[in-house]
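Visitor: Hi, I'm new to this one. Can you show it to me and walk me through it?
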Amino acid sequence: MSLDRVIIDELVLNLNPLQTAGRTSAETRKAVTRFADGYSVCDRCNGVLHDIEKPDICGFVKQLADFLGIDRAATTMGAREGKFAVFHSVAQPGDTVVVDGNAHYTTHVAAQRAGLNVIKTNHSGYPEYEITPESYALTLDQCKTETGKPAAIALLTHVDGNYGNLTDAAAIAKVCHDAGVPIVLNTAYSSGRMPINARELGIDFIVCSGHKSFAACGPIGIIGANGEWADRLFRLSPTHQNKNIELLGCTARGANIVSLIAAFPEVKKRVLRWDEEVAKAQRFTAAMEALSDNPGDIMQIGMRPKHHDLIRLETQLFHEIGENHRKRGYYLSSELGDRGIAGLKPGQTKWFKISTYGFSDTQLDYIINAFTEIAALRF
Amino acid sequence: MMETDVANRNRTRVENTFRVIDLMEDLRDIWRQSAPLQNLTDSEKEKLKKKLEKARKAIEKIEATI
């Protein structure tokens with residue numbers, strides 16, 4: 001069985017938003033090589049992963065907590081596992097969770113696994129799909145009216161994976177707290193890319209994705225909690241001393257956590273360059289929309305201007321080219337592939353999502369030129 | 001009890017094995033940062049050559065222990 005990857009980042013520019021901020025550095029891969037064996041971080045373990053001092057996981061989770069502005073943090077196997085842990089620790093089966101209308105499917109599945117009912121907020125609809133504080137106020141009211149009690153918890157997707165919309169977490173947290181409801185912020189697409197301080201945002205719980213936004217190989221995520229919620233989330237087993245219930249004792253215990261530790265110094269630096277990433281996203285979006293004089297030919301979907309590197313485009317122009325191309329809709333990924341660009345789903349031409357994260361200006365120019373050349377096939 | 005010479009030989013082998021792997025990871029970053037055309041600048045070419053030379057030396061040290 002071949003285990004070669006389809007997309008090789010040494011050969012192509014990979015635009016897949018799922019992958020751009022999870023690309024590892026040489027330093028991370030070197031560390032991973034040393035910890036590829038199972039349970040390799042447990043050489044000096046006394047029974048609790050987050051207390052291990054060699055490698056210094058104990059010190060690292062404290063650094064993570066500082067970095068995220070949270071009282072206490074721990075690693076998980078991913079953001080979805082974090083969401084489940086939070087739901088499971090705060091709510092009882094049959095309770096209700098209010099989530100944003102752009103929430104990832106894993107938010108819904110995590111709630112279902114915890115036995116919770118889900119009520120979604122509205123978004124503003126096509127083309128911006130904005131999530132507003134008002135929508136949370138309305139939905140929290142709706143929950144109370146329909147169920148007779150407040151939601152057990154609310155979840156906000158800080159940046160969603162469909163449109164790359166950055167939400168107003170502070171304002172929505174205030175709405176939730178005014179309704180007496182704690183809030184968990186899903187930062188899978190934000191923390192590790194941009195600066196985030198949960199305390200300043202008024203957030204009770206945070207979940208993060210190491211393999212999506214912290215340049216770690218993963219699978220790994222982070223959960224954290226502020227104030228009294230930390231004691232509840234990180235409560236211990238009554239029967240097994242020091243074993244955390246929601247973490248099932250220990251979570252990431254090998255190359256995954258080491259990759260997060262190794263990536264962290266650069267992650268701390270790169271979040272400070274977030275403005276540059278936003279500028280690149282805006283430059284790319286403007287260049288794509290300028291490919292045609294007809295505004296409907298290429299149109300960015302989601303809130304404008306872009307405040308995130310995940311960009312969704314409606315691309316009628318590229319769709320029309322495919323209708324007359326011998327490769328039909330597959331021509332686009334093929335043309336890009338011929339230019340050393342990957343990450344679009346083969347066959348997809350009506351719309352697509354891409355991310356500009358981490359590319360140099362030269363590489364971004366190259367990508368824009370490639371789309372410009374392909375757009376010229378229309379004439 | 002392992003003899004000191006054997007322990008030192010083994011350490012040399014393993015340290016240089018990791019050295020080569022590390023240098024190859026550095027090369028991967030050079031390819032990634034210059035993708036997709038990999039048109040290297042003079043300084044990047046120099047950096048690449050130095051890493052290859054270091055890798056060659058590490059491999060020679062491994063070979064010398066065989």
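Guide: Chain A is divided into domain 1 (13-22 + 272-378) and domain 2 (26-271), with bounds from an automatic or database domain assignment. This is a predicted model, where local features need pLDDT of at least 70, side-chain atom pairs count only at pLDDT 80 or more, and totals for chains, interfaces and linings use all residues. Residues are numbered from 1 along each chain as its sequence is written, and chains are lettered from A and ligands numbered from 1 in the order in which they are written.

Visitor: OK, new topic. What's the order of the open sheet of three strands in chain A?
Guide: The order is 9-10-12, with antiparallel pairing. Strands are DSSP runs (E, at least two residues; helices are H or I, at least four), numbered from the N terminus, and two strands pair if DSSP finds at least two bridges between them.

Visitor: Why do strand 9 and strand 12 of chain A each have one side without a neighbour in the sheet?
Guide: Strand 9 (298-301) and strand 12 (351-355) of chain A stand at the edges, so each has a single partner strand.

Visitor: How many bridges join strand 9 to strand 10 of chain A?
Guide: Four, and strand 10 covers residues 310-315 of chain A. Ile298(A) stands opposite Thr315(A) in strand 10 of chain A.
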